[in-house]
Amino acid sequence: MLLSRTSTRVAAATSAVVVAFSAGLLTGVMGSHDPSSDDASVAPPVQAAASSGGPLDQAANTILANAANPITKDELDKAAVEGMLQALNDKWSSYYSPADFTSYQDVMDGEYTGIGLWVHRDDSGVITVVSVQTGSPADGALRTGDVITGVGGTPVASHSIADVVALLRGQAGTTVTVAFRRGGVVHTVSLRRTSVPTQDVTAKVTGSVMIVKVSAFTKGVGAKVGQYAATAQARHLTGIVLDLRGNPGGLLDEGVKTASVFLDGGLVVTFEKRGSSPLKLSAETGGDTGTPLAVLVDGGTASAAEVVTAALQDRDRAVVVGSRTFGKGSVQQPTILSDGSAIEFTVGSYLTPAGRSLDGVGIGPDVTVPVGTTPAAAESQAVEVLSGLLADAGTGGHG
């Protein structure tokens, strides 16, 4: 998920539904002609009342007044907006109710109430776990690669990612059952929701190397990575591993700030949007360009995490270790509607400093770690790569 933080307030979308004739209506009782000539399942059509809002409002008002199964205006509004998004054929589009969008913003701001999962929906509607937050209710119960089949007894295969996330979240202290498939076997686990601080940046020291793990690019992540990098320098550590495995992305500007920690200015990413000139986003000056750096990635490294990885790779600042990344080269921007709900859809794409589009391709590592390698072994290999960089550094120089 790669997002622009700009949210544009616009008027709420007008209601729209597709009205289809269906079996089961009473035989025509509203026409003046002989009803015996009518289809036994379809009443004669009537003219919708005129409305200044046009055909969309006419359709909504007619349904509200006459539908045998009552529906509210809010429900029609949601159905209309979701239908508009479906017309885009954009797998990254979502509609958020006011409550769902508030939760979404909480996550981007660094805290939410739930069980600690990052999930992804693929083209076929399969919901997969891409990351599990350490110390969260889901930690130890689920893991990366698990396929979510149901939440709270509701099958999720046909649901949007926003709907699935809304089902996972809830009031702290309540429980939710999660059904998931792992290795062909379906499991069910009951977890108690809690307030989850995202803790999207953690660090540890292995020997003389600092491993900085970034789980997602939420608000403040760039500054935290910078603090850990400064600590590594102050302690005279010999290298840093930037661990972006399972990182689904997040805020674009936080990705740029993170890349800035290890660059001294220069291009990070180019953002291309319809009707606009390409926007080139550059790193801040004064970053650490000397400490040996490896970026650890896998198939769950996506979007903003790929922006950071590609920038450091293209700029010859880091060695990329792991397996090929996810390959999401598009940017989504949430737009807040007047009732507090929001829509999100693809507004553009990005290119790496070398001009690469990663959409559907991903980033190939410089040093490959076979898929299926244990997380600890992959981490050890990244540390070994840093050791090799240090050895190489001692065999030559500039005079």
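View 1. Arg 182 is partly exposed, with a relative accessible area of 24%, whereas Asp 146 is buried at 1%; here buried means under 20% relative accessible area, exposed over 50%, and partly exposed in between (1.4 Å probe, protein chains only). Their side chains form a salt bridge, with N to O at 2.8 Å; the term means a side-chain nitrogen of Lys or Arg within 4 Å of a carboxyl oxygen of Asp or Glu. Arg 182 sits in strand E8 and Asp 146 in the loop between strands E5 and E6, 36 residues apart. Helices (H or I, at least four residues) and strands (E, at least two) are DSSP runs, numbered from the N terminus. This is a predicted model: local features need pLDDT of at least 70, side-chain atom pairs count only at pLDDT 80 or more, and totals for chains, interfaces and linings use all residues. Residues are numbered from 1 along each chain as its sequence is written, and side-chain values use heavy atoms, leaving out hydrogens and water.

**View 2. Glu 379 meets Arg 245.** Look for a salt bridge whose closest N and O atoms are 4.0 Å apart. Glu 379 belongs to helix H8 and Arg 245 to the loop between strands E13 and E14, so the pair ties together parts 134 residues apart in sequence. Both residues are buried.

**View 3. Arg 356 joins Asp 314.** In this salt bridge, the closest N and O atoms are 2.6 Å apart. Arg 356 lies in the loop between strands E20 and E21, and Asp 314 in helix H7, 42 residues away. Arg 356 is partly exposed at 27%, and Asp 314 is partly exposed at 22%.
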